[in-house]
Amino acid sequence: MRSDRFTSLVVLCFVFGGPFVIVDSFPRDEVRALLNFKEAIYDDPLVFLSNWNALDADPCHWPGLSCSFAGDRVVKINITGSSLRGFLAPELGRITYLQELILHGNNLLGIIPKELGSLKFLKVLDLGMNQLTGPIPPELGNLTSIQKMNLQSNGLTGRLPPELGNLKYLQELRLDRNKLQGTLPSTNNSATKSDMHGMYPSSANLTGFCQFSQLKVADFSYNFFVGSIPKCLGNLPSTSFQGNCLQNKDPYQRNATQCALYGSTPPAKSHQTNNSRHRPADDTSNHQGSSKPGWLLALEIATGTMVGSLFIVAGLTALQRCNSKSSLINPWKKPASEKDRMTVYIDSEMLKDVTRFTRQELEVACEDFSNIIGSSPDSLVYKGTMKGGPEIAVISLCVKEEHWTGYLELYFQKEVADLARLNHDNAGKLLGYCRESNPFTRMLVFEYASNGTLYEHLHYGEGCQFSWTRRMKIVLGIARGLKYLHTELEPPFTISELNSSAIYLTDEFSPKLVDFESWKTILARSEKNSDSIANQGDICVLPNSMEERHLDVQGNVHAFGVLLLEIISGRPPHCKDKGCLVEWAKEYLDLPEVMSYVVDPELKHFRFDDLKVICEVVQLCIDPDPSKRPSMQELSSFLESRIDTSISAELKASSLAWAELALSSS
């Protein structure tokens, strides 16, 4: 009887305890790795990862994950097109039995972690359509089970690792639309090893793409590859190689200027060099070397020993220096100690061409930081003059060191690189940045525009300074600047908050678009997504207007329409007693008999033909359907062709134009 009861108890424990045994058996290391991945994502606008709960030890029900039949291992991660913004956590390499890692079409930054090469069972790796940078890790050559690899449409740089040739089961390889360079490695020859020396471990099993036996689809287009196409890849369509710097007669290769810009000029006499290394003449030289006199051989050995010793000493010295400095930290985590200094980079090449100022230089230029010309809850603006150089505006971030995480450092550097690429007469020019630890400093240094902001002139200045023609010139300048940002840059650049406060004016009243609001983006993401930042009011952030710049081109077009209304009416976009400017103006925009009521009453003269053009553009810009709004290229061309800002037009518009002209030229 007791035996039956014991048997029944065992059965009950198995039935009711089974699920808990499975949960407990799920590797905690893998759960931690998944949570590390979530922590590395600092922007999840679709709240896709909200149910990834640290209190739930069984991740098999988390969105985007699939588990094995036994429910004890994650075998698939599929999060496609979810606008995730963040970094790839190296801990993903700990999900031992992962077969598919699909993160296509997000906004992932940073490098591809070499730890992904540990996923021996991975069959699909899809990181395409993100913003990843840096080289392709040679460790991906360890993915011996991989069948599909998609890294297209990122910003990957460097040479192709020959180790990718180890992937004997690879059927699909997409590397198009990156910035990859060098040749397409074909075979395991000494030339390849020489080319890769110093980049990959010398003990690696270097192979080329001709090792692929299963490859059916491959795309190397729109990179900066040089040399010739390996014969073993000749079965691929020509479109797989277009947009490179290859030595063939394909009319769709890049021109010499583009290739030279990225240092991808085809190597001269490369074939001769490679062939000479495999000629029998090598044997002759070896034979001659073996017959050298003994004293000469001894001298060579002694010299080699001395050189080797020097290299060892240099290496130990460099290692000692590295150990004396702070080590790299995970980009999304706070240092274990507040004393640790962060030396984190998305890409070592990112800021190489941007001037880095010291705090002391800026302190001297800005009169001990006493010359404050502007402030907001998130930044201070100083005016200064560089010694023997231009006037500058220095934007200093309002954040405490203890709240500065590795993620913020990475984001700061990306913003600096993004602003540094702007080069247009109507865009604010970034001269450099300041990044120091003692005292903690993060600053941007811009070219100074001496006439203040457009907002100040419209709402606090003297009306006589802002004639109709001057306003039209400013309108055209803003349109040209936005056209440049939206259509002449790749990727496009948009202003986070386009309004009259973001328009700075030079001595000649030429407008310059400046995006200072990126500071709010940095601080907003830190407050919203970083557990290490305490919500105690120490970081001063405006509660509104914290949206990140998601390349909102249509939003900029709408803001441009509102800005036009503000310029011609002299009214602020929002007014407590008169409401929204757009709503107020709607009843006047399309009726010629009342259209003039939109014009600033301070203006004594204006051209009605110009006013009709402006009102037409405003209506196009503020269309409720963003898809119906025209591009800035169309709007700029339209305004340029319809608005006359010549001196003759100004003389016709105003009987006082001669006096205005004399005042402006004096």
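**Cysteines and cavities**

Analyst: At 0% relative accessibility, cysteine 434 is counted as buried, because buried means under 20% relative accessible area, exposed over 50%, and partly exposed in between (1.4 Å probe, protein chains only). The model is predicted, so local features need pLDDT of at least 70 and side-chain atom pairs count only at pLDDT 80 or more, while totals for chains, interfaces and linings use all residues. Residues are numbered from 1 along each chain as its sequence is written, and side-chain values use heavy atoms, with hydrogens and water left out.

User: Why is cysteine 615 called buried?

Analyst: Cysteine 615 has a relative accessible area of 1%. Buried requires a value under 20%, and therefore cysteine 615 is buried.

User: What makes cysteine 60 and cysteine 67 a disulfide?

Analyst: Their sulfur atoms lie 2.1 Å apart. A disulfide is a pair of cysteine sulfur atoms within 2.5 Å, so cysteine 60 and cysteine 67 are joined by one. The angle about this S-S bond is -100 degrees, and the link is left-handed. Cysteine 60 is buried, with a relative accessible area of 18%.

User: Why is the disulfide of cysteine 245 and cysteine 259 called left-handed?

Analyst: The torsion about its S-S bond is about -105 degrees, so the disulfide is left-handed. The pair links distant parts of the chain, 14 residues apart: cysteine 245 is in the loop between β14 (224–225) and α4 (256–261), and cysteine 259 is in helix α4. Here helices (H or I, at least four residues) and strands (E, at least two) are DSSP runs, numbered from the N terminus. The sulfur atoms of cysteine 245 and cysteine 259 are 2.1 Å apart.

User: How do you know whether cysteine 245 is buried or exposed?

Analyst: Its relative accessible area is 4%, so cysteine 245 is buried. Cysteine 259, at 6%, also counts as buried. The search of the whole structure finds two disulfides.

User: How many cavities of 30 Å³ or more does a search of the whole structure find?

Analyst: The search finds three. On a 1 Å grid over the protein atoms alone, a cavity is a set of points where a 1.4 Å probe fits but cannot get out; lining residues have an atom within 4 Å of a point. The second largest cavity holds about 80 Å³, a volume being the space filled by probe spheres set on the points.

User: Which residues line the second largest cavity?

Analyst: Its lining includes Ala393, Phe446, Tyr504 and Lys512.

Notes
On a 1 Å grid over the protein atoms alone, a cavity is a set of points where a 1.4 Å probe fits but cannot get out, and a pocket is an open set with protein on both sides within 12 Å along at least five of seven lines; lining residues have an atom within 4 Å of a point.
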